[in-house]
Structure formats: structure tokens, C-alpha cells
Amino acid sequence: PEARRRSAVVRLPKWEISPINFLFFLWAIYAGGFLVQFLVYLFLKTFTSVTDDTRLILASAATDCGMLLAWVLAKPRLDAPAGNTVSPFLPRALPWKTGALTFLTAWPAVLLVMLVWQNGLNALGIPLEKQDAVDLFAKAKDLRWLAFLTAFAVVLAPVTEELVHRGAIFRYARDRLPRSLALLAPACLFAALHWNLASFAPRATLAVIFSPVYERTGDIRVTMIAHGLFNLNTALMIFAGIGM
């Protein structure tokens with residue numbers, strides 16, 4: 001009965017991939033991201049007129065592009081995941097309703113964790129630094145640059161981060177590690193890669209919520225949409241002068 005109950009709500013089949021292939025896949029994704037970032041950074045250094053902020057955001061976008069490129073090139077050579085793991089690249093209707101509901105459900109929990117976490121850091125005397133993205137959005141004046149920042153935050157970053165942390169790491173870990181570790185490991189990695197202590201716990205909470213949603217829907221597009229809406233909401237709060 002328990003197995004039947006689980007199969008009724010979990011639509012994500014086991015990823016039949018060997019440990020060596022998985023580790024190679026993960027290495028290829030991160031190596032591709034860092035390689036493209038490095039090449040773009042070297043290219044931008046030849047332009048003395050490019051500001052540090054511009055280099056930062058273009059290098060970040062290059063990292064995500066490199067990771068996506070590595071995913072596309074490496075995945076067909078491996079034991080590919082079944083189901084809809086890469087369905088955003090297919091011409092199907094996007095599950096906006098489920099993604100929006102996921103965002104609306106996750107947002108209050110993330111906000112509560114953020115308040116508790118940041119108050120705790122303040123109580124310990126640990127300084128809270130703003131995220132680089134917050135400063136970039138706050139200082140953006142040119143509409144074209146603002147449109148690029150928004151597209152990066154709402155489209156490119158969610159697609160890449162969900163494919164890697166949910167569609168690869170959680171997908172692999174869920175059938176091979178204890179449940180708590182399978183949820184926490186990709187969530188903490190996702191939060192840590194944003195390089196900001198003030199947002200660590202809130203982002204990890206968001207990731208922990210997203211993983212079971214992906215597991216139960218079997219569709220990574222749901223969490224991509226929810227993630228994009230979360231980033232869009234953050235950007236709108238920054239524009240309103242609230243910040244994150």
C-alpha cells in the first residue's frame with residue numbers, strides 16, 4: 001500500500017545513470033560554465049570602458065550559458081533521464097498555473113526564514129552584505145541594460161539553476177541518499193553558489209521546497225517558472241525600494 005501511495009504522487013522516475021557518468025556530467029556542466037565565464041572575462045578585459053558591474057553580470061550570464069551548453073552537449077552521451085527533465089526545450093504548453101501556485105506557496109516560507117535568519121545574523125554581529133544583483137538592479141538606469149538584467153534573472157538563471165540543481169543533482173540523489181540529505185545537499189549547494197551569507201538560508205529553503213514539487217510533477221518547467229517568478233518578485237521589490 002505504501003508503495004502504491006508513493007507511486008500515485010511521484011511522477012519522476014529513477015534516473016538510471018552510473019555514478020561515473022553522473023560525476024562526469026556534473027563536472028562537464030560546471031567546467032563548461034567556468035570556461036565560458038573565463039573566456040568572456042578575458043574578452044571584456046580588452047575594453048577599458050567596461051565597468052566592473054558590467055563585467056560581473058556579463059560573466060555571470062556567460063557562466064549560465066556555458067553550463068547550458070555543456071548540458072546540451074554532454075547529456076545525449078549519457079544514460080539520459082526519463083520524463084520531462086529537459087522539456088523546456090520542447091514545443092509544449094508551459095505549466096504556468098502549477099508554477100505560479102508553487103511560487104505563491106513558497107514565498108511566505110522563504111520570507112519567514114529570511115527574517116529569522118537575518119535577525120539572527122544581526123544578533124551575532126555578523127554584517128549583512130547586499131547581493132551583487134540587488135546593487136546592479138538598484139543602480140541600473142539604462143532601459144536596455146535593465147531589460148538584459150531582468151531577462152537574465154527571470155529566464156536564464158532559473159532555467160540553468162533548475163536543470164542543474166533539481167534536474168541533475170536532486171534527481172540523482174533522491175534514489176541514492178537518505179531523504180533529508182537528498183533535499184539539503186543540492187539546496188545548500190544552490191544557496192552557496194550565490195556567494196551571499198544573508199540570502200543563504202532563504203535560498204536553501206526555496207530549493208528544499210522546489211525539489212518535492214519537481215518530484216511530484218515530473219516536470220522541471222514547473223520549478224523553472226516558480227523560480228523565475230521568485231526572481232521577478234525580488235526585482236520588483238528592489239524597484240519599489242524594498243530590497244532583499
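**Close-up views of a predicted model**

Across the whole structure, which is a predicted model, a search finds six salt bridges.

**View 1. A salt bridge between Glu162 and Arg166 in helix H6.** The side chains of Glu162 and Arg166 meet in a salt bridge, with a distance of 2.8 Å from N to O. Because Glu162 and Arg166 lie four residues apart in helix H6 (residues 143-173), about one helical turn separates them.

**View 2. The packing of helix H2 against helix H3.** Helix H2 (residues 19-45) packs with helix H3 (residues 52-74) at an angle of about 145 degrees, and their axes are 7 Å apart; H2 passes H3 in a right-handed crossing. Residues of H2 that make the contact include Phe25, Ile29, Val36, Val40 and Leu44, while those of H3 include Leu58, Ala62, Gly66, Met67 and Trp71. By residue type, the contact of H2 with H3 divides into 15 nonpolar, five polar and two charged residues.

**View 3. A nonpolar patch on the surface.** The patch is formed by Leu35, Phe38, Leu39, Tyr41 and Leu42, which together have about 500 Å² of accessible area. Of these residues, Leu35 has its place in helix H2, and Tyr41 is also one of the H2 residues in the contact with H3.

How values were computed:
Residues numbered from 1 in each chain as written. Predicted model: local features only at pLDDT ≥ 70, side-chain atom pairs only at ≥ 80, totals over all residues. Heavy atoms only, no water. Axes fitted to C-alpha atoms, helices over the stretch in contact; angles between N-to-C directions. Helix = DSSP H or I, 4+ residues; strand = E, 2+ residues; numbered from the N terminus. Left-handed = near helix turned anticlockwise from the far one by under 90°. Contact = heavy atoms within 4.5 Å. Nonpolar A, V, L, I, M, F, W, Y, C, P; charged D, E, K, R; others polar. Patch = residues over 30% accessible without salt bridge, like charges linked within 9 Å, V, L, I, M, F, W, Y side chains within 5 Å. Areas by Shrake-Rupley, 256 points an atom, 1.4 Å probe, with all protein chains shown as cover. Salt bridge = Lys/Arg side-chain N within 4 Å of Asp/Glu carboxyl O.
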